[in-house]
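Subject: Structure for you to look at

Hi there,

Here is the structure I promised to pass on. Have a look at it first, and then read on for what turned up.

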Amino acid sequence: MNIANTVDKNKYKKDRVILHSDCNGFYASVECLHHPEIRNKPVAVSGDAENRHGIILAKNEIAKKFGIKTGEVIWQAKLKCPDLITIPPHFDLYKRFSKMARRIYSDYTDKIEPFGLDEAWLDVTDNIGGDGYTIAKEINQRIKYELGITVSIGVSFNKIFAKFGSDYKKPDAITVIDRSNFKDIVWPAPAQDLLYVGRATKRKLNNIGIYTIGDIANTSIDVLHNQLGKWGYLIYGFANGFDSSPVAHMNSQSEVKSIGNSTTTPIDMKTYDDVKVVMYVLCDSVCRRMREKGFMAKAVEISLRDNKLNTFSRQHSLSAYTNLTSDIRKAALNLVKQNYRFNKPLRSIGVAVMDFIHDDIPRQLNIFEDENRQIQNEVLDKTVDILKKRFGNYIVCPAVLLGNKKLSAFNPKDDHTVHPVSYL
């Protein structure tokens, strides 16, 4: 990436006007709207504590004042706030509100790019109804009065700074970050406040004396590249305002880069046989979803988390593209065998597939494979897919799942949560 060329090319172009709208405490706000009796109490939307999915997904402003954070476990949150009211998520309701918000956005532009259910970028450069702040103020008021929730909106000349602006003041606020003030607003902030600077990247930056976004912007790009590889180029550009990525059209289909499922089990997985049961369920879900989209994959990834919350992942490339459940399951279980010794019980596992091609592309035969067996597996998968679609997820299952219902009685395909799509 040649940053200098990027600067020269864009130096004299008219700046875009990009908004980033973020629904404040979205899940919790929608729940409080539908339950007025808890509106003035500390409320959090959380997973199921009894099944150990007990983390905070969203909290209202009252709960936030107690220091409750998204992602922490329920028992930690209740130590801070014993009166905290926890509510299970209702994703169908949140999706409906998300669609209503996007309908409001569509009155101002057709360039709307969602970032999860509660956030979206809008490119209003060509809107003749007013400047970015005026449009943001109008959207802010309409969301409040038409939907009954609030949004914080960042207004800037690129997506990264617009996203920073929506996080800068909360709740119910508008922040304008332009070329005249971004160094004063963005640069003093901690490095981890920049999009895609996570904990691992923050640690690497801190190790070489980089603590703020301004430090990133003013560090030699060669130093960042040496420390972070191509990621160094990326965050250098982000920190300096060089991001020129477009806001996608509202009707565009985002490219599917991976399909995966994970679960936190109600009891620890202490043996390989325990993992095998859960992996059968996860691989069935992943492969059914892959076949529905008409894909075959060549890479399999597992993620494992032990009961001390240490997490790691491993990936393997297959010799050929496949969407057969047996192939993906075999690769995933081999990764577990090769990389985990069960010194600590496992709390959660996940499996994902990636590196896709469409399944209508002709497949090269392999003289070392039993082609008849492949055909039989294809027929088996298609038959199981039809049965489950018609009669439900539990109509048929492998015998291995009958031995431990505590580990096998879940349905990741229907229950999986929609997460934010990647910016990249």
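Let me start with an arginine: at 22% relative accessibility, arginine 142 counts as partly exposed, because the buried class ends at under 20%. Please keep in mind that this is a predicted model.

Lysine 144 forms a salt bridge with aspartate 172, and their closest N and O atoms are 2.8 Å apart. Since aspartate 172 lies in the loop between helix H7 (159–168) and strand E8 (174–177) and lysine 144 in helix H6, this pair ties together parts 28 residues apart in sequence. Lysine 144 is partly exposed, at 25% relative accessible area, and aspartate 172 is partly exposed as well, at 31%.

A further salt bridge joins lysine 80 and glutamate 72 (3.0 Å, N to O). Here the lysine is partly exposed at 35% relative accessibility, whereas glutamate 72 counts as buried at 11%. The count of salt bridges comes to 15, and Asp22, Glu119, Lys163, Asp167 and Lys170 are linked in a network of them.

Now for the surface. Arg199, Arg203, Lys204 and Arg305 gather in a patch of positive charge. Helix H9 (residues 199–207) gives the largest share of that patch, three residues, and arginine 305 comes from strand E10 (residues 295–306). There is also a nonpolar patch of about 270 Å², made by Leu387, Phe391 and Ile395. Of these, leucine 387 is found in helix H15 (residues 371–391) and is partly exposed at 31% relative accessibility.

On the inside, helix H2 (residues 26–34) has Phe26, Tyr27, Ala28, Val30, Glu31 and Cys32 buried. Their cover includes strands E1 (18–23), E2 (43–46), E3 (56–59) and E4 (85–87), along with helix H5 (91–105).

As for the chain as a whole, it has 17 helices and twelve strands, and 44% of its 424 residues count as buried.

Terms used. Residues are numbered from 1 along each chain as its sequence is written. This is a predicted model: local features need pLDDT of at least 70, side-chain atom pairs count only at pLDDT 80 or more; totals for chains, interfaces and linings use all residues. Side-chain values use heavy atoms; hydrogens and water are left out. Patches are made of residues with over 30% relative accessible area and no salt bridge: like charges are joined within 9 Å, nonpolar side chains (Val, Leu, Ile, Met, Phe, Trp, Tyr) within 5 Å. Accessible areas come from the Shrake-Rupley method with a 1.4 Å probe; for residues, only the protein chains shown count as cover. A salt bridge is a side-chain nitrogen of Lys or Arg within 4 Å of a carboxyl oxygen of Asp or Glu. Helices (H or I, at least four residues) and strands (E, at least two) are DSSP runs, numbered from the N terminus. Buried means under 20% relative accessible area, exposed over 50%, partly exposed in between (1.4 Å probe, protein chains only). Lys and Arg count as positive and Asp and Glu as negative; His and the chain ends are not counted. The place of a charge is taken as NZ of Lys, CZ of Arg, CG of Asp or CD of Glu. Contact means heavy atoms within 4.5 Å.
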